[in-house]
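Subject: Structure handover

Hello,

Here is the structure I said I would pass on. Please look it over before reading the notes under it.

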Amino acid sequence: MTRFEWHAPATLRFEDVLEPVELTRSGDVWAAEVELPERLRVTYYFVDADGEEHADPGNPEAAGPNRSIFTTPDLAPQPHWPIVGPDEVLDVPSLRIRWNGSLGRKTVRVHQGGEPVVLLLDGDDWMYVHPAVAAFESAVKNGEMPAATLVFLPTPRDRDAEYNSPELWQAIRDELLPLLAENGVTVDLEKFVVAGQSLGGLSAFRAALDFPDLVTRVACQSGSFWWARNLPQHGLSLDGPAGGDIAQRLSTLPDLSGLRVAFDVGEHEPRMHRHCEAVEELAVRAGAAVSAHRSPAGHDRVGWRHALVRDVAALLG
């Protein structure tokens, strides 16, 4: 059992894996003892009586100002990711590019490291919540990967719409890449890596099918491969056919011999497994070079971050 404490009445919430727990009075604090599964790294937070969200003041490891990170004792610390407190403000990359194009106005931040370029979808999370620049620089210093330039694509307002539209990748190819070149960042497509999680992972992998001359290396964590256009609620259901629309496309056995893709999904998101496994298997049959891992987490960015560095390093190797 793990004990969580707060100084006032509150609800304890976990990202994805457990139901909310109401704290109860215990002496001078409110507390809850929670039985957590083995091998779990999870984001959690307290919600007070006014609905405000708070990080755990007794935990030095945070994910942004109102989230904390807990790791069960059977797991080793994640390499490369520094411990960041809830009050720390992360530095953002100095190169800022204004992208006014077919997708509207976006601000793209760029960390200029080395020649290979890595495009990070949902880049706001990797800049403001999880210190991706520090993690990648640590991996480079440790000799695990070459120095790379990180391009942080901002999180779209409507992730479902933008990440399920080919217009995103058309705009990246026709607008963003030339704009990067104008700002001194030349993308060598033979070394270009795209990384995404959840709907971003789905989008990154779909881009490899729709734009094979643009995307040939994909790091995909917990890709939303359950997504299918003909399901209710715009395809937002995990109960449909395994692998959704992507599996249907892959069942025609396209030639993916030029694709390298690293898949990862959480051990503690079992409803995702049949969808991810279907796509992994079909990608192998189609000739892609595939690696597949399972992280000790749920559908949670704190679990994806280790896979992000590991898999991008492998794709650049």
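What follows is a list of findings, grouped by region.

Please keep in mind that this is a predicted model.

Eight strands make up an open sheet with mixed pairing, in the order 9-10-12-11-13-14-15-16. Its edges are strand 9 and strand 16 (289–295); each has a single partner strand, so one side of each has no neighbour in the sheet. From one strand to the next, the twist averages 20°.

Helix 8 (residues 301–316) lies across strand 11 (117–120), strand 13 (193–197), strand 14 (217–221), strand 15 (260–266) and strand 16. Relative to strand 14, helix 8 runs at about 160°.

There is also an open sheet of three strands, in the order 1-5-4, with antiparallel pairing. Strand 1 (2–6) and strand 4 (24–26) are at its edges, and since each has a single partner strand, one side of each is left without a neighbour in the sheet. The twist here averages 45° from one strand to the next. Strand 1 pairs with strand 5 (residues 29–34) in the antiparallel sense over five bridges. Thr2 stands opposite Val34 in strand 5.

Next, the nonpolar cores. Which residues have the most contacts inside the largest core? They are Leu119, Leu153, Trp169, Ile172, Phe205 and Phe225, in a core of 53 residues. Helix 4 (residues 166–182) gives the most to this core, namely eight residues. Leaving aside neighbours within four places in sequence, Ile172 is in contact with Trp99, Leu119, Leu153 and Leu177.

On aromatic rings, the count comes to ten pairs. One of them is Phe205 with Phe225, an edge-to-face pair at 5.7 Å centre to centre, with 85° between the planes. Phe205 belongs to helix 5 (residues 199–210) and Phe225 to the loop between strand 14 and helix 6 (244–250), so this pair ties together parts that are 20 residues apart in sequence. Both Phe205 and Phe225 are buried. Phe225 also forms an edge-to-face pair with Phe263, at 6.0 Å centre to centre and 75° between the planes. Because Phe263 lies in strand 15 while Phe225 lies in the loop between strand 14 and helix 6, this pair ties together parts 38 residues apart in sequence. Phe263 is buried, as is Phe225. Elsewhere in the list of rings, Phe4, Trp6, Phe14, Tyr44, Phe46 and Phe70 are linked into a cluster by ring pairs.

Is Gln78 buried or exposed? Its relative accessibility is 11%, so Gln78 counts as buried, the cut-off being under 20%. A polar atom of the Gln78 side chain lies 2.9 Å from the backbone oxygen of Val302. The side chains of Gln78 and Arg305 are joined by a polar contact of 2.6 Å. Apart from neighbours within four places in sequence, the contacts of Gln78 are Arg41, Val302, Gly303, Arg305 and His306.

His111 is in strand 10. With a relative accessibility of 17%, His111 counts as buried by that cut-off too. Not counting residues up to four places away in sequence, His111 touches Pro93, Val133, Glu137, Ala148, Thr149, Leu150 and Phe152.

Regards

Notes:
Residues are numbered from 1 along each chain as its sequence is written. This is a predicted model: local features need pLDDT of at least 70, side-chain atom pairs count only at pLDDT 80 or more; totals for chains, interfaces and linings use all residues. Side-chain values use heavy atoms; hydrogens and water are left out. Buried means under 20% relative accessible area, exposed over 50%, partly exposed in between (1.4 Å probe, protein chains only). A polar contact is a pair of N or O atoms within 3.5 Å; within protein, one must be able to donate a hydrogen and the other to accept it, and residues adjacent in sequence count only if both atoms are side-chain atoms. Contact means heavy atoms within 4.5 Å. A nonpolar core is a set of buried Ala, Val, Leu, Ile, Met, Phe, Trp, Tyr and Cys residues joined through side-chain atoms within 4.5 Å. Helices (H or I, at least four residues) and strands (E, at least two) are DSSP runs, numbered from the N terminus. Two strands pair if DSSP finds at least two bridges between them. Axes are lines fitted to C-alpha atoms, for helices over the stretch in contact, and angles run from 0 to 180 degrees between N-to-C directions. Rings of Phe, Tyr and Trp (its six-membered ring) pair if their centres lie within 6.5 Å; planes under 30 degrees apart count as stacked, over 60 as edge-to-face and the rest as tilted.
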